[in-house]
Amino acid sequence: MATTKEQSKEKSSSFGRSVVDYVTQEELKMALKTVTPQGRAVNDWVLPMVDASCEQQTEEGELQRLLNLKSFMLLDAEKEEEFDKLTQEAREVFGVPTSLISLIDLGRQFFVSKTGADA
């Protein structure tokens, strides 16, 4: 298992910043305060609040979300038939042409399953 940031980066995704790039919680917390490879400003993870009744995003909340995401070990995982069954069932139940399950990482969106039109 990786014990340093350099070892971790060898196994990380080539699609953008990822929680798998950071070994410790402190490294991940620092990553939330840095500029992305795309040159975006600090705190680029904060979404615009269009609904005043929504809970305000916090750095601690985002850190916990990312740590939870990392613990699932689904990022860049092989395709699993069970997820495809869920997206297929969702298409049928809701009568929609496309259904997907995606996870939002630190700097990318990872699709766990896609079914339907041009999936």
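Student: Arg108 and Asp105: buried or exposed?

Tutor: Both are buried. Keep in mind that this is a predicted model.

Student: How buried is Arg108, then? What's the relative accessible area?

Tutor: Arg108 has a relative accessible area of 9%. That is under the 20% cut-off, so the residue counts as buried.

Student: What joins the side chains of Arg108 and Asp105?

Tutor: A salt bridge, at 3.0 Å from N to O. Arg108 also forms a salt bridge with Asp76, again listed at 3.0 Å, N to O.

Student: Where do Arg108 and Asp76 lie?

Tutor: Both are in loops. Arg108 is in the loop between strand 1 (98-104) and strand 2 (109-116). Asp76 is in the loop between helix 3 (59-72) and helix 4 (81-94). The pair therefore ties together parts that are 32 residues apart in sequence.

Student: Which residues are linked in a network?

Tutor: Asp76, Asp105 and Arg108, through salt bridges.

Student: New topic. How many salt bridges does the structure hold?

Tutor: Six. One of them pairs Glu82 with Lys85, at 3.5 Å from N to O.

Student: How are Glu82 and Lys85 spaced in helix 4?

Tutor: They are three residues apart, so about one helical turn separates them.

Technical notes. Residues numbered from 1 in each chain as written. Predicted model: local features only at pLDDT ≥ 70, side-chain atom pairs only at ≥ 80, totals over all residues. Heavy atoms only, no water. Salt bridge = Lys/Arg side-chain N within 4 Å of Asp/Glu carboxyl O. Helix = DSSP H or I, 4+ residues; strand = E, 2+ residues; numbered from the N terminus. Buried < 20%, exposed > 50% of the residue type's maximum accessible area, 1.4 Å probe, protein only.
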